[in-house]
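These are my notebook entries on a structure that I looked up.

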Amino acid sequence: MITNSSCKRYTDCAQCPKASEGVLVHHVYAQGKHFPAEKCTQNCMLFMLKGELLINSNEYPGTTLKEGQFVLQAIGSKIEILALTDVEYMTYGFTELPQICDVRYQKILEMSEAPLTYTPLVMIPRLNSFMQDMCSYLDEQMSCGKFIDIKCQELVYILTCYYPLPQLSSFFYPISTYTQGFHYFVMQNYDKVKNVEEFAHKGGYTTTTFRRLFKNMYGEPVYEWILNKKREGILDDLQHTKQRISEISARYGFDSLSHFAHFCKSSFGDSPRALRNKAAKGEKIVLQK
């Protein structure tokens, strides 16, 4: 039997407009449950409560997450999940971490550096007790948004104040570059817009201001950056997913399959279907100069 219990951030328990937004979610799945690789639309922590879960992402390639371990995936990263046994876990999705001790968190970010190998952290007794209590609360389906906000602050407090700085600096590294609002806005929306003007308007910027901010922050023109990101995503989907060509085309904002085919031809030297066939044969596909 599969169940999912989540906090819906109610402030008016009868008719809160944010009722569909899950922040803390308690997941229970049977062995064999599989989630294909998908981009994270938020930063997300995953806390393993029971069983074993195989996760596959850039940070944690082919990693078996065991009971009592937890990981962090940044917005925009891809993760694939397979339940190796019956599993139970909690996820916490967030844009910005709620802070009780800003000084401590800033210190963590200042020390953040990419580890040679990402390693899941282990839940200490205090964190484990917090997770068990939250699971019971969520399963009662009496979620109060204000209460959950406070519990999210407690969760972050436990993480940032009960673990040593060297561990935290590696754990939070994937999101350390997205601490500024503009960074996060870009990563959250770049694959949802068709052009620079739409991108700027979505963030409330003039096109000129947006181009300048982007160039200063990323070191290249926004249009070229978006194209490169789009190429990376398309190539990854053609090589590693079973999505239909039409679905991939629509996902990346192409008006027609012929336009999509032309884009692939100019970017990779062949049609989408031919590129997928090459990938299936193990051929390496490279970007056309």
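**Entry 1. Helix α8 and the fold.** After α8 comes G219, with a positive phi near 80 degrees. I counted 12 helices and 10 strands in the protein; helices (H or I, at least four residues) and strands (E, at least two) are DSSP runs, numbered from the N terminus.

**Entry 2. Basis of the values.** I note that the model is predicted, that local features need pLDDT of at least 70 and side-chain atom pairs pLDDT 80 or more, while totals for chains, interfaces and linings use all residues. Residues are numbered from 1 along each chain as its sequence is written, and side-chain values use heavy atoms, with hydrogens and water left out.

Entry 3. Of the 289 residues in the protein, I find 44% buried. I use buried for under 20% relative accessible area, exposed for over 50%, and partly exposed for what lies in between (1.4 Å probe, protein chains only). Among contacts with a separation of 6 or more, 68% are between residues 24 or more positions apart; a contact means heavy atoms within 4.5 Å. The accessible surface comes to about 15,600 Å², and carbon and sulfur atoms hold 50% of it. These areas come from the Shrake-Rupley method with a 1.4 Å probe, and for residues only the protein chains shown count as cover.

**Entry 4. Salt bridges.** I took a salt bridge to be a side-chain nitrogen of Lys or Arg within 4 Å of a carboxyl oxygen of Asp or Glu. The count by this rule is 8 salt bridges.

R211 lies in helix α8 (residues 207-218) and E197 in helix α7 (residues 196-202), so the pair ties together parts that are 14 residues apart in sequence. R211 is partly exposed at 38% relative accessibility, and E197 is partly exposed at 42%.

Next I examined D237 and R251, whose side chains form a salt bridge at 3.0 Å, N to O. D237 belongs to helix α9 (residues 222-240) and R251 to helix α10 (residues 245-251), so this pair links distant parts of the chain, 14 residues apart. D237 is buried, with 0% relative accessible area, whereas R251 is partly exposed at 32%. I also find that a network of salt bridges links K78, D236, D237 and R251.

A further salt bridge joins R244 and E247 at 3.4 Å, N to O. R244 is exposed, at 55% relative accessible area, and E247 is partly exposed at 35%.

**Entry 5. Cysteines.** How many disulfides does the structure hold? I find 0 disulfides, a disulfide being a pair of cysteine sulfur atoms within 2.5 Å. C40 is in no disulfide, and the nearest cysteine sulfur, in C44, is 6.1 Å away. C40 is buried, with a relative accessible area of 13%, while C44 is partly exposed at 23%.
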